[in-house]
Amino acid sequence: KVTMKGIERELICPACKELFTHPLILPCQHNVCHKCVKEILFALEDAFADGGSESSNQSSPRIKISSSSMDRIDRISRSGIKRNSLTPRSSLFPCPGCQRDIDLGERGINGLFRNFILETIVERYRQAARAAIAIMCDFCKPPPQESTKSCMDCSASYCNECFKIHHPWGTVKAQHEYVGPTTNFRPKILMCPEHEMERVNMYCELCRRPVCHLCKLGGCHANHRVTTMSTAYKTLKEKLSKDIEYLISKESQVKAHITQLDLLLKETECNSERAKEEASQSFEKLSHVLEEKKSAALKAIEASKNLRLEKLQTQAEEYQGLLENNGLVGYAQEVLKETDPSFFVQTAKQLHVRIQKATESLKNFRPAAETTFEDFVVDIAKQEDILGDLAFHSNGLETPEINEEQSRVYNKALISWERPGKTDSADTYVLEYHKLNREEESATWQEIKVCSKSKVISDLDDNSSYAFRVRGYKGSICSPWSQEVILHTPPAPVFSFLFDDKCGYNSEHLLLNPRRTSVESRAGFPLLLGSEHMQVGCYTTLDYIIGDTGIAKGKHFWAFHVEAYSYLVKVGVVSSSKIQKLFHNTHDVTSPRYEQDSGHDSGTEDAFFDSSQPVTLVTLGMKKFFIPMTPASPKDPASRILPLPSCLGICLDCDKGKVGFYDAGRMKCLYESKVDCSGMMYPAFALMGGAAVHLEEAVTARYGEYHDDI
């Protein structure tokens, strides 16, 4: 029999740190109380209503919303973007288990399954903890009697007399299912949260969740691979049973590892005390210049000791949980008691992954931390002029380098770095950044601890320059700082949109990718057919395409890439009042001589941009950026031709009636003109011949991918 006390750690909610109450299974396979999920979502809604301010999250001290979620709420609340009312708005949920932002989809909390097996095990634990407290009858007149059974169909508890009264022989209620006294009532059949009247009878291998036949026929799982519930039940149960049997058979090995970890804990204690004593003796020989460094060294050693003890203690507790009737194995044994396929499959997959990880850890046992503190020996032979930089540096820990090609700043900043060598790599990194301000002589660096080699930062100001640097840590040993890299933020908040495949889209000449983030002009057979109508010195009309989202107010920025092979591309903005004129131009041909901002030398140097044009565009092509002619432009055409940047940006200021065209890599304005923003403004693009435009992808903090092997 599994000891309930041994599996208590598996029954604690990561949000409220209490026993689960009506746990829900998140898409990341973590469990959270139904009440906790609602509180977190309510806190998010309050923060959204208050514009993402920190004060809106102080009413619920148990709940902590990630900074990335607060930044997204703040950005949306300040935006002047108008979207189609049919566009679904997803529910962003910061999982307290893995600290990732999870998208709950359109149905939000209503699309989550309850973990009935976990709920049942928690109820068993509660009953074991309060064995002396009886469950009373729900129907007795005061004073109520102690219940003897509970009806699963009625979701109520009865004493013997009340049960006979409410379940008489010869009636339908006499056929109800009854169990021993309990307060946990779960449905007999697991129903689909998407289609509430349908029971789940299949298992989606991609989403790793039970689904009904309607989900497979026309729902969100239509193109997913599914299997029958009985097959999933049999496969998962066989795998889980086999792995649990293996762990139980290795109980002696687990106990040996626990004994070894206990010795390592004691050895770490002794070595840390010895290291602190040696460090204290070294610093006592130094002058007053070393007093501050002495305190810092002692703190570093203490922090390293606590970190190592914590790792070793956690590892010991994890192996303790691998013993039979304890921890993870005990919890798994309780799950194996479940006979209903739907409820078992609902819980078994995530448990199977944990069992597999425990099995792999058992096969490749390695202590979680080192016991020696040799790196904390202080070299007192150094000269006094370098004592200010005294630290526990390791010669084998190389300085990381920020990869400027992979790092970029758009809606957020993505900073990536790499280490020159592959030996003695760092365990963690510290990324620091600060805003470059000419008025401030000394900048205050903001610090972020990172476990990977990249980090997304979302709290940067628009139209600013930031310096970034990174250093590696292996325990308490740190590398020198990397060389600082300066990146520039966009001049305005980033505007997100897709290419519109409805309004004026010419599918014969233009080709959109499925995500509607790239458009390519087809310089093929249709263009050859159109050449029959062409005259000397003329070319066919441009093919226009606009964004699917308009801008009503404020200042916004978007970026894109133009392929180097593109012959002719025009980019800019168009007003909603001029869209009809844009797509219903009566002219079949357009001559370069009358296309004043085409950028091609037409011989009419005295003609300037015509304000009656339906759009405000600049011309790109043949790896060049052509600045439109204005009264202030130089007469030499060559001075208006610039190299085409690898990434271009457009900044639209509706309030001031201006549009600017930027080199998005350096955030440098190449050309700016006035524009009439009286109506809704849309991004506009025009292509001719062989050409392609790709919208810049937003920087997102993606949560880890989960793989299914069933």
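These notebook entries record what I looked up in a predicted model.

**Entry 1: cysteines**

I began with a search of the whole structure for disulfides, and the search found zero. I then examined cysteine 95, whose nearest cysteine sulfur belongs to cysteine 28 and lies 3.5 Å away. A disulfide requires the two sulfur atoms to be within 2.5 Å, so cysteine 95 is in no disulfide. I also looked up accessibility. Cysteine 95 is buried, with a relative accessible area of 1%. Cysteine 647 is buried as well, at 9%.

**Entry 2: an open sheet**

I next traced a sheet of seven strands, which is open and has antiparallel pairing. I noted the strand order as β22-β23-β37-β27-β33-β34-β35. Which strands stand at the edges? They are β22 (510-512) and β35 (668-674); each has a single partner strand, so one side of each is left without a neighbour in the sheet. From one strand to the next, I recorded an average twist of 20 degrees.

Strand β33 (residues 648-653) and strand β34 (residues 658-663) are joined in the antiparallel sense by six bridges. For glycine 649, I found that the bridge partner in β34 is tyrosine 662.

**Entry 3: serine 575**

My last entry concerns serine 575, which I located in strand β28 (residues 568-575). Is serine 575 buried or exposed? The residue is buried, with a relative accessible area of 6%. Setting aside neighbours within four places in sequence, I listed its contacts as Asp676, Gly679, Met680 and Met681. I also looked up serine 678, which is 103 residues from serine 575 along the chain; their C-alpha atoms are 7.8 Å apart.

Note on methods
Residues are numbered from 1 along each chain as its sequence is written. This is a predicted model: local features need pLDDT of at least 70, side-chain atom pairs count only at pLDDT 80 or more; totals for chains, interfaces and linings use all residues. Side-chain values use heavy atoms; hydrogens and water are left out. Buried means under 20% relative accessible area, exposed over 50%, partly exposed in between (1.4 Å probe, protein chains only). Two strands pair if DSSP finds at least two bridges between them. Helices (H or I, at least four residues) and strands (E, at least two) are DSSP runs, numbered from the N terminus. Axes are lines fitted to C-alpha atoms, for helices over the stretch in contact, and angles run from 0 to 180 degrees between N-to-C directions. Contact means heavy atoms within 4.5 Å.
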